[in-house]
Amino acid sequence: MDPDIEEKLLTDVKGREGVPRKEKLKDRLWSEAKKMWVVAGPAIFTKMSTFGTNVISQAFVGHIGATELAAYSLVSTVFLSLELWYNTVLILLTGYMENAEIAIDALSICLNINGWEMMISLGFLAAASVRVSNELGRGDSKAAKFSIVNTVLTSLAIGFVLFIFFLFFRGHLAYLFTDSSEVAAAVADLSPLLACSILLNSIQPVLSGVAVGAGWQSIVAYVNIACYYLVGVPVGAVLGYVFDFQVQGVWIGMLFGTFVQTIVLIIITCKTDWDQQVSIAQKRVNKWFVEAEEPSANQ
């Protein structure tokens with residue numbers, strides 16, 4: 001590497017004469033926010049645009065009739081099952097309950113709204129993954145922790161605004177998807193649970209992104225399976241059928257599974273020795289590092 005370029009890079013990271021450069025908090029926040037939104041912005045736009053076609057289609061079908069909306073919900077959920085197996089199980093569980101048509105309509109509307117909001121969180125997941133991996137690769141554990149806090153709080157702030165929004169409007173948004181007052185009333189009953197899901201979903205995917213950025217993909221996979229399928233689905237089935245909470249019980253089960261997953265990821269993130277993660281990241285980099293060939297004397 002050119003000595004001048006290497007000196008400039010080291011200066012940018014450590015400051016003059018190898019002394020760590022101290023920045024004001026607002027400058028660090030501004031710098032981190034720009035780096036985060038460079039990744040999160042395009043990811044959110046792409047994911048929301050893609051998922052939005054499903055939401056708009058459901059809105060058109062819902063105004064045809066409640067039965068058509070239930071049919072579309074079942075078909076579209078099975079079609080997306082490779083990505084949304086958890087939602088598929090919840091829809092199928094709801095299909096065996098009393099007044100299943102209204103229950104499926106209400107749950108599918110809430111799941112689509114929740115899924116659309118989830119696209120924002122998935123954008124922050126990508127940002128958290130990139131930022132954490134970048135800082136670990138650069139050897140700066142403090143910057144990695146700062147990027148985690150900044151990304152989580154930004155996503156949480158957006159989630160909190162949406163939490164208040166859906167609590168305030170409750171069932172009114174259902175009329176974008178249906179003309180049925182019964183379905184709208186069912187959506188209104190589920191709105192508090194929807195709002196809580198949105199709030200939790202503003203944290204959990206970001207922490208998953210942190211885990212991916214640190215190279216813990218296998219841990220995240222095991223946590224997801226355990227929390228969703230060993231906790232969320234059984235709790236939802238018991239509350240929905242045994243305690244006769246109907247669709248609310250199914251949703252509470254899903255919410256509880258997400259809550260457990262969020263708590264587990266928070267504990268893992270807080271207990272992690274990030275200086276050790278820097279060492280692990282550097283070992284991975286050095287394993288695949290290839291020295292540049294020295295120019296021959298004839299060149």
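## Gly240

Gly240 is buried, with a relative accessible area of 1%. Buried means under 20% relative accessible area, exposed over 50%, and partly exposed in between, with a 1.4 Å probe and protein chains only. Gly240 sits in helix H9. Helices are DSSP runs of H or I with at least four residues, strands are runs of E with at least two, and both are numbered from the N terminus. Gly240 and Gly253 are 13 residues apart in sequence, and their C-alpha atoms are 8.6 Å apart in space.

## The model

This is a predicted model, where local features need pLDDT of at least 70, side-chain atom pairs count only at pLDDT 80 or more, and totals for chains, interfaces and linings use all residues. Residues are numbered from 1 along each chain as its sequence is written, and side-chain values use heavy atoms, with hydrogens and water left out.

## The whole chain

The chain has 11 helices and 0 strands. Of its 299 residues, 45% count as buried. Take the contacts (heavy atoms within 4.5 Å) between residues at least 6 apart in sequence: 79% join residues at least 24 apart.

Two packed helices are described by the angle between their axes and the distance between the axes. Axes are lines fitted to C-alpha atoms, for helices over the stretch in contact, and angles run from 0 to 180 degrees between N-to-C directions.

Helix H9 covers residues 217-242 and helix H10 residues 246-271. They pack at about 155°, with axes 7 Å apart. H9 and H10 are therefore roughly antiparallel to each other (over 145 degrees; under 35 is roughly parallel, 65 to 115 roughly perpendicular, the rest oblique). The contact of H9 with H10 has 14 nonpolar, 10 polar and no charged residues. Here Ala, Val, Leu, Ile, Met, Phe, Trp, Tyr, Cys and Pro count as nonpolar, Asp, Glu, Lys and Arg as charged, and the others, Gly among them, as polar.

## H6 and H7

Helix H6 (residues 141-169) packs with helix H7 (residues 181-201) at about 175°. Their axes are 8 Å apart. H6 and H7 are therefore roughly antiparallel to each other. H6 brings residues including Phe160 and Phe163 to the contact, and H7 brings residues including Pro192 and Cys196. By class, the contact has 12 nonpolar, 2 polar and no charged residues.

## Annotated spans

An unreviewed UniProt entry annotates "transmembrane region" at residues including 190-212 and 219-243. Such annotations may be inferred rather than shown by experiment. Residues 190-212 are 91% helix and 0% strand, with end C-alpha atoms 32 Å apart. Residues 219-243 are 96% helix and 0% strand, with end C-alpha atoms 33 Å apart.
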